[in-house]
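Me: I've got a model open and want to talk it through. Can you take me through it step by step?

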Amino acid sequence: MKKLLVIVVALILASCTQSKIGYIDVEVLMKDYEATKQLEDNLKAKQEKMAKELDSLGAPFQIKVQNYYQNAQRMSAKKRQETEAALQQENQLLQLKQQEATKSLQEENQKQSEILTKRVDSFVASYAKANGYSLILGTAAQGTVMYGEDAMNVTDALLEKLNAEFSKE
């Protein structure tokens, strides 16, 4: 009889302390978050600007290369060698500028993505506290939540509030 009473009390206590749990589809959240879209647009604009700048530097170089090939037969060996060395040096400078631009874009993307992730994490924590969640899990297409009832999926509600907060900025 004592064992039965202990089991009943344990079940009652367990049901009283039931935690509210939800999950977020992280891929959907980040794809549809307006701040992510703005970040992608900003990076794309910077990439296009850098590409134009590099093209403006590369076009004159290409003309020099074409002129060299057109006039190489008439040049002395020494002049050909000097011209080739100058073209090679200019080509290396162009490649260096291209590498710097690529690195700069990658660093900017990483920095802004980290800021965005921290913002989302902070918002999720606030949302969970405000809505009585003990735990909110993050999932992706092949993620950690193998199944969850639709009622536990808080992605849309959270995304709506995140986008509303972002639009205020």
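Me: How much of the chain counts as buried?
Reply: Quick caveat: this is a predicted model, where local features need pLDDT of at least 70, side-chain atom pairs count only at pLDDT 80 or more, and totals for chains, interfaces and linings use all residues. Residues are numbered from 1 along each chain as its sequence is written, and side-chain values use heavy atoms, leaving out hydrogens and water. Buried means under 20% relative accessible area, exposed over 50%, and partly exposed in between (1.4 Å probe, protein chains only). Of the chain's 169 residues, the buried share is 22%.

Me: How far apart are the end C-alpha atoms of helix α5?
Reply: Helix α5 covers residues 155–168, which is 14 residues. The expected span is 1.5 Å times one less than the number of residues. For α5 that should be 20 Å, and the end C-alpha atoms agree, sitting apart by 20 Å.

Me: Which exposed residues does α5 carry on the face turned away from its buried side?
Reply: The buried residues of α5 are Thr155, Leu158, Leu159, Leu162, Asn163 and Phe166. Seen down the axis, they fall within an arc of 130 degrees (taken from the directions from the helix axis to the C-beta atoms), so they line one face of the helix. The face turned away from that side carries the exposed Asp156, Glu160, Ser167 and Lys168.

How values were computed
Helix = DSSP H or I, 4+ residues; strand = E, 2+ residues; numbered from the N terminus.
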